[in-house]
Amino acid sequence: MSSDRSCEEEIAAIRDSLATLGDPWQAGETLLSRLGGGSRAVRLGVPAPSAAAVEARADLPGLMAEAALGTAGQQCTAAYAPTWELPRAFDLRRTCDGDYTTPVKDQGERGSCTAFGVIAVLEGTAAYTRRAARLDLDLSEAHLFFGQATSRQLGGEDGTWPDDLLGDCVSTGVTFEDYWPYTDTGAGSLNPNWPNRLVHAEKMVDLTRDPAGIKHHIYGYGPVTTCMVVYEDFFHYTGGIYRHTTEETNGGHCVALVGWDDDQGCWIAKNSWGTGWGEGGYFRIAYGESYIEDYPEERPTTLGCTGTTLRAWLPAQRALGLFASAQDAGGWAFLENLGWTRLSGGRSGANQLALLAEARAGGYPVIPYVVNEELRMVQTTF
């Protein structure tokens, strides 16, 4: 435990504090509750803020909450926004055309939360900006954390920053999970063919201290990664709108924001502590709470990207539609998990079109190889 108290005593004390606040959230035993203080700290991974930086932001929680509550109805001009105005509530897991998040993961006994927060941004943005809810990419946190961050000496004991790792995703890209599966020991190695199975982030956007900008970005492009101060009671969170009940902190942590709810005054966030913590691995946190919109550090800590480029063989899927015309030599294919994708031109495109037509007629899936937004090759499964 983080003190001499037992897990049961900690939870009981938190419940007493919550009762005086009207029980805004629920505390109970989670997969992290029985960990000692050191093991809890390892589950974080962002350098802890200084006391001076926290003190300098004393007025920030109220300002951020006020700014977040004033956004409903604002005009949203982001490229992929589903409507022209911001709604009072939005959740990437529950849009009218599908779930644009990927399954909750578990970082284990390693301070790699920043890699998980950044990967959640890439996976969600890739699907949302393509309106491909079934895309369901599974990218490699190991490549980002143990490969790129460690090689550049960014993954020290104090933790890593999301602007560094998202910057790596822009410049170098990140491969898929099966090319370097994640374990918290860092075991395994990078598949040497990784440059041919890769996702790049496009333009990185700084949304620090900008609640309205965060909402516009989630609504228009997809998830946002951000840092927060973790208070001791957070490890026991099982549901509700989180507000800290203790002043005792354990460090900094990186998560991904996937939505908001103005009526409840909260962000909806995805964590990397497995599904046995929180609301199935997610949590709701009050606007302005835990410095989640502006972590106490003089650098960008709340970030998104405007799109992704793919270079990869994707899982087998059906071609549900085909389109070609005299003016469009390559044509287009509507793939089950990817949506409309342009075929490469010339003889290659004609061959692809013929294979796709045959596969569609027989109800057979195909294995597509995509480079950026173009379908370069197709393998049949019949």
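Trainee: How do the residues lining the second largest pocket divide into nonpolar, polar and charged?

Mentor: In this predicted model, five of them are nonpolar, six polar and four charged. The pocket has a volume of about 200 Å³. Its lining has 15 residues, and the closest to the centre are Tyr80, Thr129, Arg130, Thr308 and Glu373. Strand S15 gives the most to this lining, with three residues.

Trainee: Into which classes do Tyr80, Thr129, Arg130, Thr308 and Glu373 fall?

Mentor: Tyr counts as nonpolar, so Tyr80 is placed there. Arg and Glu count as charged, which puts Arg130 and Glu373 in that class.

Trainee: Why is the contact between Glu10 and Arg40 called a salt bridge?

Mentor: A side-chain nitrogen of Arg has to be within 4 Å of a carboxyl oxygen of Glu, and the N to O distance here is 3.3 Å, so the pair qualifies. Glu10 is in helix H1 (residues 7-20) and Arg40 in helix H2 (residues 37-42), so the bridge ties together parts that are 30 residues apart in sequence. Glu10 and Arg40 are both buried. The structure holds 25 salt bridges.

Trainee: What makes Lys105 and Glu123 a salt bridge?

Mentor: Their closest N and O atoms are 3.1 Å apart, and the limit is 4 Å, so the contact counts. This pair links distant parts of the chain, with Lys105 in the loop between strand S2 (89-91) and helix H5 (113-128), and Glu123 in helix H5, 18 residues apart. Lys105 and Glu123 are buried.

Trainee: Where do Arg134 and Glu336 lie, and what is their N to O distance?

Mentor: The side chains meet in a salt bridge at 3.4 Å, N to O. Arg134 is in the loop between H5 and helix H6 (141-151), while Glu336 is in the loop between strand S14 (328-335) and strand S15 (339-343), so the bridge ties together parts that are 202 residues apart in sequence.

Trainee: How do you know whether Arg134 is buried or exposed?

Mentor: Its relative accessibility is 52%, and exposed means over 50%, so Arg134 is exposed.

Trainee: And which is Glu336, buried or exposed?

Mentor: Glu336 is at 18%, and buried means under 20%, so Glu336 is buried.

Trainee: Which residues are linked in a network of salt bridges?

Mentor: The network links Arg57, Arg209, Asp294 and Glu298.

Trainee: How many aromatic pairs does the structure hold?

Mentor: There are 27 aromatic pairs. One of them joins Phe116 and Tyr182, with ring centres 4.9 Å apart and planes at 85 degrees. The centres are within 6.5 Å and the angle is over 60 degrees, so this pair is edge-to-face. Phe116 is in helix H5 and Tyr182 in the loop between strand S3 (174-175) and strand S4 (198-201), so the pair ties together parts that are 66 residues apart in sequence. Phe116 and Tyr182 are buried.

Trainee: What are the planes of Trp267 and Tyr287 called, stacked or edge-to-face?

Mentor: The ring centres of Trp267 and Tyr287 are 5.1 Å apart and the planes are at 70 degrees; edge-to-face needs over 60, so the pair is edge-to-face. Trp267 is in strand S9 (residues 266-270) and Tyr287 in the loop between strand S10 (282-286) and strand S11 (302-305), 20 residues apart. Trp267 and Tyr287 are both buried.

Trainee: Where does the charged end of Lys215 sit?

Mentor: It sits over the ring of Trp267, 5.9 Å from the centre. The distance limit is 6 Å, so Lys215 meets that part of the test. Arg93 lies over the face of Tyr282, at 4.3 Å from the ring centre.

Trainee: How many cavities of 30 Å³ or more are there?

Mentor: The count is two. The largest cavity has a volume of about 90 Å³. Of its 15 lining residues, the closest to the centre are Phe116, Ala120, Lys270, Asn271 and Ser272. Helix H5 gives the most to this lining, with five residues.

Trainee: What lines the second largest cavity?

Mentor: Its lining includes Ala120, Glu123 and Lys270. The space is about 40 Å³, and helix H5 again gives the most, with three residues.

How values were computed: Residues numbered from 1 in each chain as written. Predicted model: local features only at pLDDT ≥ 70, side-chain atom pairs only at ≥ 80, totals over all residues. Heavy atoms only, no water. Helix = DSSP H or I, 4+ residues; strand = E, 2+ residues; numbered from the N terminus. Buried < 20%, exposed > 50% of the residue type's maximum accessible area, 1.4 Å probe, protein only. Phe/Tyr/Trp six-rings, centres within 6.5 Å; stacked < 30°, edge-to-face > 60°. Lys NZ or Arg CZ within 6 Å of the ring centre and 35° of its normal. 1 Å grid on protein atoms, 1.4 Å probe; cavity = no way out; pocket = protein on both sides within 12 Å on 5 of 7 lines; lining within 4 Å. Points joined across faces, edges and corners; volume = space filled by probe spheres on them.
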